[in-house]
Amino acid sequence: MGRKVTVATCALNQWALDFEGNLQRILKMATAVGIIITSRTPSCIRSRSWRPFWSLRSLRISSATWGCPPPRVPDAFRPELLHCRPELDSAIPAWCCPSRRPAEYPGLWSTGPSAAEEEGSRPVMHRNVRYNCRVIFLNRKILLIRPKMALANEGNYRELRWFTPWSRSRQTEEYFLPRMLQDLTKQETVPFGDAVLSTWDTCIGSEVCEELWTPHSPHVDMGLDGVEIFTNASGSHHVLRKAHARVDLVTMATTKNGGIYLLANQKGCDGDRLYYDGCALIAMNGSIFAQGSQFSLDDVEVLTATLDLEDIRSYRAEISSRNLAALRECPSQASRVSPYPRVKVDFALSCHEDLLEPVSEPIEWKYHSPAEEISLGPACWLWDFLRRSRQAGFFLPLSGGVDSAATACLVYSMCHQVCEAVKRGNLEVLADVRTIVNQPSYTPQDPRELCGRVLTTCYMASENSSQETCDRARELAQQIGSHHIGLHIDPVVKALVGLFSLVTGASPRFAVHGGSDRENLALQNVQARVRMVIAYLFAQLSLWSRGAPGGLLVLGSANVDESLLGYLTKYDCSSADINPIGGISKTDLRAFVQLCVERFQLPALQSILAAPATAELEPLAHGRVSQTDEEDMGMTYAELSVYGRLRKVAKTGPYSMFCKLLDMWRDTCSPRQVADKVKCFFSKYSMNRHKMTTLTPAYHAESYSPDDNRFDLRPFLYNTRWPWQFRCIENQVLQLEGRQRQELDGVD
């Protein structure tokens with residue numbers, strides 16, 4: 001018996017409820033893996049049937065095959081359940097029937113009706129209970145239905161709302177197949193539960209997404225029980241700086257335990273705020289042997305590796321704590337673990353004669369910097385939204401500031417990736433581009449030219465706008481190639497204010513002209529809201545006015561820090577169809593814009609980075625900007641990022657945040673200053689919390705996103721005075737100040 005196995009995993013860009021499209025991508029993947037493996041196999045072996053083990057990132061599945069929606073969107077889930085099983089009927093013969101075997105190659109397939117907690121894995125009803133499951137096939141037979149044991153129920157996920165975790169560890173039951181599946185597989189019952197597969201040459205176990213992240217993951221005991229290959233069908237969404245955690249979990253699992261680990265992950269946007277970044281990988285004994293791209297416009301990406309099972313056995317033999325007892329009367333860890341039920345499989349992953357087959361070499365994992373992640377992730381997210389919404393492009397209010405400039409750069413980055421994909425021969429991307437621009441013979445080659453077709457930018461000047469911001473917006477539009485419009489909103493603003501004065505007899509004034517704070521705020525807000533109305537008008541009709549069909553998606557450009565504090569006008573030009581930067585901090589956006597200066601050769605961004613952030617809603621002082629964002633907010637953007645992480649990630653309230661910041665800022669702020677800053681933040685945050693209910697759907701890139709009623713489940717009506725919490729802070733400050741006075745008196 002041989003010892004070398006060829007394994008494969010992949011990332012698929014699936015779309016919830018797109019049953020036919022998801023199935024076609026599955027079949028394309030199946031064909032691709034056959035071509036890849038046979039083309040890299042020596043001719044002396046090629047004549048024999050290779051036996052890959054396939055770990056498919058399945059369900060979205062939605063993810064992959066059946067297209068059920070994620071449990072995050074339960075209202076779309078239940079009406080479509082009946083569509084899941086017919087797609088399963090199509091998938092089984094397509095993958096496993098000898099007459100329709102992709103590229104005529106057999107194989108052992110692990111797929112979903114399941115995949116990840118966030119994935120709307122296809123449910124399997126067992127004893128009238130709905131489970132999230134993986135299904136493992138071989139030659140038209142179902143070998144095992146493996147229900148998920150740890151469900152994700154935090155952050156973006158609500159898996160417990162729809163599924164029940166399988167709690168019977170290392171136990172299986174008989175599952176009676178529905179009649180339509182019995183006709184296909186010629187099986188009446190199949191094993192259902194927590195089991196592993198035992199082939200002629202190795203043992204294979206499965207995890208499902210969240211189970212890898214649990215404190216005691218199944219792979220620990222499976223490895224101690226002799227499982228050598230672990231598969232994980234995952235749906236891990238992108239968050240800035242998260243890739244390290246995912247890779248570390250897999251490499252550490254195989255470092256401590258030995259074995260081969262196949263991680264398959266969903267990629268793309270299937271219709272909501274999350275972007276799945278792919279990054280499928282193959283690891284063995286703590287080393288990476290194959291890395292998938294983290295961001296890509298390819299709908300299907302396949303990874304393969306040829307590995308030696310004897311390397312696993314040698315590695316494990318050297319782990320003394322696994323094999324030897326610490327004390328004479330204490331058994332080893334491997335002998336102490338409870339055995340898993342084994343499903344015997346009349347199949348081998350290796351060939352008898354594999355001596356000449358080369359094995360894969362370890363590689364070094366390549367990480368993107370946060371700025372690079374921003375340039376790629378949200379751009380891919382925009383592409384999926386654009387092509388699947390069947391709109392003709394984007395409309396962006398371009399103010400000349402960092403936020404809107406960053407949004408424009410993301411569209412430009414998207415155009416770069418589209419052109420690169422077309423150059424590589426991606427026919428799906430080419431077909432989508434031609435549909436978007438409504439030209440069947442069009443082939444994009446220059447990102448700037450493509451940007452002119454899909455992006456319309458607009459500078460909406462008022463009497464409070466400076467010439468500098470107008471020039472910066474126009475220069476950036478010229479350099480990225482967008483179709484740029486310049487207009488003045490003063491006639492509309494004056495008409496609205498005049499209408500109010502006509503009805504009430506009162507004329508509001510700005511604060512610099514003697515008006516109250518309420519008048520000042522109202523006059524700022526009317527400008528911002530007028531811009532939103534104009535943006536939607538031009539998005540719907542600007543292409544029509546140029547004789548082109550279709551409408552445009554309006555892009556928002558409010559960053560996560562401003563959203564958190566509510567430093568925005570409700571229903572202003574930050575209100576849009578989608579917001580690619582709504583989950584990104586101002587600090588990270590500036591780093592991304594700096595990256596664009598160098599990567600895309602956009603010198604106009606230098607002046608944008610050098611300028612102070614301003615809303616330009618108050619009158620100018622001698623033609624110069626008199627209003628800045630940080631002065632208006634009463635805090636810096638860097639401070640806002642700290643508040644956001646402490647509020648959401650560290651789960652702190654006012655007093656807890658004060659206690660943590662005392663230590664974090666002890667070298668720069670006194671206790672009184674820390675207290676004032678915390679009170680200022682929570683007062684403004686709670687006062688503006690209602691604005692979170694109307695935030696534009698935004699790319700989820702930060703763990704402290706304030707996205708209401710989805711990721712951040714909090715009330716939107718608070719007692720803005722926080723009497724108890726602020727009193728506790730004040731008492732603590734008085735104690736600390738008294739202690740400091742006593743210490744100073746002692747020194748004197």
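## Close-up views of a predicted model

Figure 1. Glu449 pairs with Arg453 in a salt bridge whose closest N and O atoms are 2.4 Å apart. As this is a predicted model, please read every distance in these legends as a computed value. Both residues belong to helix 14 (residues 447-454), where they are four residues apart, about one turn of the helix. Glu449 is partly exposed, with a relative accessible area of 31%. Arg453 is also partly exposed, at 29% relative accessibility.

**Figure 2**

Figure 3. Strand 5 (residues 129-138) and strand 6 run antiparallel and are joined by six bridges. How many of the seven residues of strand 6 are buried? Six of them are, so strand 6 (residues 141-147) is largely enclosed by the rest of the structure. In a regular strand, side chains alternate between the two faces of the sheet.

Figure 4. Arg146 is in strand 6, while Glu211 is in the loop between strand 10 (203-208) and helix 6 (218-224), so the pair ties together parts that are 65 residues apart in sequence.

Figure 5. The side chains of Asp432 and Arg387 meet here in a salt bridge of 3.1 Å, N to O. Distant parts of the chain are linked by this pair: Asp432 is in helix 13 (residues 427-437) and Arg387 in helix 11 (residues 370-389), 45 residues apart. Arg387 counts as buried, at 14% relative accessibility.

Figure 6. A search of the whole structure finds 21 aromatic pairs. In the pair shown here, the ring centres of Tyr275 and Phe295 are 6.2 Å apart and their planes are at 25 degrees, so the pair is stacked. Tyr275 lies in the loop between strand 13 (267-268) and strand 14 (276-277), and Phe295 in the loop between strand 16 (287-291) and strand 17 (300-308), so the pair ties together parts that are 20 residues apart in sequence. Tyr275 and Phe295 are both buried.

Figure 7. Phe681 and Tyr685 both lie in helix 24 (residues 671-687), four residues apart, about one turn of the helix. Their rings form a stacked aromatic pair, 5.7 Å centre to centre with 15 degrees between the planes. Both residues are buried. Look around them for the rest of the cluster: ring pairs link Tyr643, Trp665, Phe681, Phe682, Tyr685, Tyr718 and Trp722.

**Figure 8. Cysteines without a disulfide.** How many disulfides does the count come to? The answer is zero. A disulfide is a covalent bond between the sulfur atoms of two cysteines. For Cys451, the closest cysteine sulfur belongs to Cys415 at 4.5 Å, which is too far for a bond. Cys451 is buried, with a relative accessible area of 0%. Cys458, another one to look at, is buried too, at 1% relative accessibility.

**Figure 9. Zooming back out to the whole chain.** The chain has 25 helices and 22 strands. Of its 748 residues, 58% are buried. The chain exposes about 30,600 Å², and carbon and sulfur atoms supply 54% of that area.

Note on methods: Residues numbered from 1 in each chain as written. Predicted model: local features only at pLDDT ≥ 70, side-chain atom pairs only at ≥ 80, totals over all residues. Heavy atoms only, no water. Buried < 20%, exposed > 50% of the residue type's maximum accessible area, 1.4 Å probe, protein only. Pairing = 2+ DSSP bridges. Phe/Tyr/Trp six-rings, centres within 6.5 Å; stacked < 30°, edge-to-face > 60°. Salt bridge = Lys/Arg side-chain N within 4 Å of Asp/Glu carboxyl O. Disulfide = S-S within 2.5 Å. Areas by Shrake-Rupley, 256 points an atom, 1.4 Å probe, with all protein chains shown as cover.
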